[in-house]
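This briefing concerns helix geometry and helix packing. Please consult the sequence and the model below.

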Amino acid sequence: GAAMVLAMLGIMYVLNNNKYIDYAPDYHKAISHYEFDDLMSATTKFEDVSTMERVYRWVAGYHMLDERPVTGFGPGNFYNFYKGHAVGLFRTYVSNNIDKSGVHNYYLMTAIEQGFVGLIIFLIFAFGILIKGEQIYHQTKPENKMRRNLVMAILLSMIIIYAFLLINDLLEAAKVGSFFFINLALLINVDLMNKNEIEIEHQA
């Protein structure tokens with residue numbers, strides 16, 4: 001929750017009076033880095049191409065959302081519309097986007113495609129999973145240590161996925177989306193096992 005508030009404050013700061021333009025990259029200096037030290041240095045100087053390409057798309061996404069905040073642009077339509085909303089100052093040499101990839105922020109993408117209503121629904125769903133997961137953890141008997149550890153692992157996995165969704169559109173990708181839905185299935189099954197045990201105890 002605190003991280004999301006800080007992120008929102010940061011976004012409001014850079015968007016205020018178009019201050020984000022002050023951080024526009026140098027087209028000729030923004031390059032890919034493979035050494036970790038070089039990558040960190042370039043990222044803080046706004047010279048890493050991957051980071052700045054994300055900013056390029058986020059700025060475009062912000063303008064798209066500003067245009068259609070309620071209805072959005074529809075599923076899978078970011079690529080079809082974003083270049084007309086982009087700010088040229090943030091363009092990098094990979095901005096031609098031959099892979100037709102997305103905005104690299106799942107929350108922003110949800111808002112762009114489905115409007116703020118869609119984003120709110122997804123956030124309620126996301127937080128609901130964590131809240132229900134915590135309830136399931138406490139409802140699991142301490143003697144079922146393995147089951148409790150499983151619930152904790154599921155919740156930590158979901159938190160990691162939510163964190164990575166800030167910089168990627170991974171939920172529809174098989175390598176991440178599969179873990180998201182497997183986690184949900186496991187959580188539901190643990191809940192059912194707990195309820196089944198309670199019913200058996202009441203019948204005894």
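Helix α3 (residues 49-67) and α5 pack at an angle of about 15°, with their axes 10 Å apart; axes are lines fitted to C-alpha atoms over the stretch in contact, and angles run from 0 to 180 degrees between N-to-C directions. α3 is therefore roughly parallel to α5 (angles under 35 degrees count as roughly parallel, over 145 as roughly antiparallel). The model is predicted: local features need pLDDT of at least 70, side-chain atom pairs count only at pLDDT 80 or more, and totals for chains, interfaces and linings use all residues. Residues are numbered from 1 along each chain as its sequence is written, and side-chain values use heavy atoms, without hydrogens and water.

**Packing of α3 and α5**
- W58, G61, M64 and L65 of α3 make the contact with L108, A111, I112 and F116 of α5 (contact means heavy atoms within 4.5 Å).

**Packing of α5 and α6**
- α5 packs against helix α6 (residues 145-164) at an angle of about 160°, with the axes 10 Å apart.
- α5 and α6 are therefore roughly antiparallel to each other.
- Residues of α5 in this contact include A126, I129, L130 and G133, and those of α6 include V151, M152, L155 and I159.

**Shape of α5**
- Helix α5 (residues 106-139) spans only 32 Å between its end C-alpha atoms, whereas a straight helix of 34 residues would span 50 Å at 1.5 Å a residue (1.5 Å times one less than the number of residues).
- α5 bends by about 130° at Q114, the bend being the angle between axes fitted to the seven residues ending there and the seven starting there.

Definitions and conventions. Helix = DSSP H or I, 4+ residues; strand = E, 2+ residues; numbered from the N terminus. Parallel < 35°, antiparallel > 145°, perpendicular 65-115°, else oblique.
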